[in-house]
Amino acid sequence: MGEKGILYLVATPIGNLEDITLRALRILKEVDIIAAEDTRQTLKLLNHYGIKKTLTSYYEHNKAEKGNYLIQQLLEGKNVAIVSDAGSPGISDPGEDMVKLAIQNGIEVTMVPGPTAAIMGLVLSGLPAGRFVFEGFLPVNKRMRKERIRLLKNEVRTIVFYEAPHKLIYTLKDLYEELGNRKIVLARELTKKFEEIVRCTLEEAIEKYSAEPPKGEFVLIVEGMDEKEVQEDKRQAWNEISLREHLEFYIKQGMSKKEAMKKIAEDRGISKREIYKNLIN
Ligand code: SAM
C-alpha cells in the first residue's frame with residue numbers, strides 16, 4: 001500500500017461567510033474528499049468561494065458507517081477534510097469520532113483552526129475567561145440535566161454551555177434551581193446580522209425569555225461559584241464533625257500529628273493553637 005492520506009479538520013464560519021482562513025479555502029480546494037455534517041450548509045460556503053467539489057455527508061446518524069468508508073479512503077492515500085455544520089469540527093459534533101478513528105488507524109490528523117462559538121461567547125461575556133469549563137450541550141432528560149448541573153455547583157471557573165432555542169427556558173430554570181441566581185451571559189447569533197449579547201442574572205434571563213420566545217443559536221456563559229463561598233461551604237462541612245474526628249481522619253490517611261493539625265487549621269480557617277487548646281480540653 002502507498003502512503004496514507006491526511007485527515008484535515010477544517011473550521012468554517014459560525015454565521016458570517018467571511019470568517020474563513022486562506023488556508024481553509026486552499027485545503028478545501030486541494031483535498032480529494034470533503035465530508036460535511038450538513039452538505040447544504042457547506043455547499044453555500046463552497047459556492048461563495050467558487051470551490052467546486054463533490055461533498056459527502058458525515059453526521060451523527062451515519063458516522064459509524066461513513067467513518068469506516070472515510071478511513072478506507074485515507075488508507076488508500078486520499079486526503080479528507082471534515083467540515084461541521086458551523087465552527088470547529090470536533091466541538092460538540094461528530095468530528096470528534098473521526099479524530100479517534102483516524103488515530104486508531106495510524107492516520108495523520110491535523111486541523112485548520114478557526115471560529116468556535118464557545119470561545120467567542122466566552123470572550124465577549126466579560127466573565128473571567130482565563131479559566132473556564134466547556135460543558136457543551138446538557139442532557140435532554142430533565143433528571144440527568146439537573147444531575148449534571150448539580151455536579152457544577154462548586155465549580156469556580158466560568159462555565160460555558162451550548163443550547164438550542166426550544167430548550168433554553170428549561171435549561172435556564174434548571175440552572176437557577178441548582179446554582180441560584182448567578183450571572184449569566186447569553187451570546188446569541190454570533191457573527192450574524194442579529195448578533196446579541198445579553199448580560200444579566202438567571203432570574204432576569206428566565207423573565208426575558210418567558211415573555212419573548214428565544215430565536216437563533218445560543219452560547220450560555222455562567223459565572224462560577226465565588227471562591228470564598230466554596231471555602232465557606234467546605235468549612236461548614238468540616239464543622240459538622242468534631243476536631244478529634246477530623247484529626248483521626250487525617251492520621252488514618254498516614255499523616256503525622258503535626259501535618260494533620262496544619263491541615264485542620266487550613267480546613268477550618270482557625271489557628272493551630274486553637275485546635276490544640278480544644279483537643280486538650
Ligand atoms: N462545532 C461548533 C463550534 O465550533 O462552535 C458547534 C457545533 S454545535 C452542534 C452547535 C451549537 O453551537 C449551537 O446549538 C449553539 O449552541 C452553538 N453555536 C453555533 N453557532 C453559533 C452562533 N453563531 N451563535 C451562537 N451560538 C452558536
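Around the ligand in this predicted model, the shell is made up of 10 nonpolar, 4 polar and 5 charged residues. That shell counts 19 residues, and the closest of them are Ile-14, Ser-88, Tyr-162, Leu-190 and Phe-218.

Where do these neighbours come from along the chain? Two strands, β7 (158-163) and β10 (218-222), each contribute at least two residues of the shell. On the level of domains, the ligand lies between domain 1 (6-115) and domain 2 (118-225), because both of them give residues to the shell around it.

| Residue | Protein atom | Ligand atom | Distance |
|---|---|---|---|
| Ala-86 | backbone N or O | nitrogen | 3.2 Å |
| Glu-163 | backbone N or O | oxygen | 3.4 Å |
| Leu-190 | polar backbone atom | nitrogen | 2.9 Å |

How much of the ligand's accessible area does the protein cover? On its own the ligand has 580 Å² of accessible area, and the protein covers 92% of that. As for the site itself, the ligand sits in the largest pocket.

Key
Residues numbered from 1 in each chain as written. Predicted model: local features only at pLDDT ≥ 70, side-chain atom pairs only at ≥ 80, totals over all residues. Heavy atoms only, no water. Near = heavy atom within 4 Å. Polar contact = N/O pair within 3.5 Å; in protein donor to acceptor, adjacent residues only side chain to side chain. Areas by Shrake-Rupley, 256 points an atom, 1.4 Å probe, with all protein chains shown as cover. 1 Å grid on protein atoms, 1.4 Å probe; cavity = no way out; pocket = protein on both sides within 12 Å on 5 of 7 lines; lining within 4 Å. Sits in = over half its atoms within 2 Å of the grid points. Helix = DSSP H or I, 4+ residues; strand = E, 2+ residues; numbered from the N terminus. Nonpolar A, V, L, I, M, F, W, Y, C, P; charged D, E, K, R; others polar. Domains from an automatic or database assignment.
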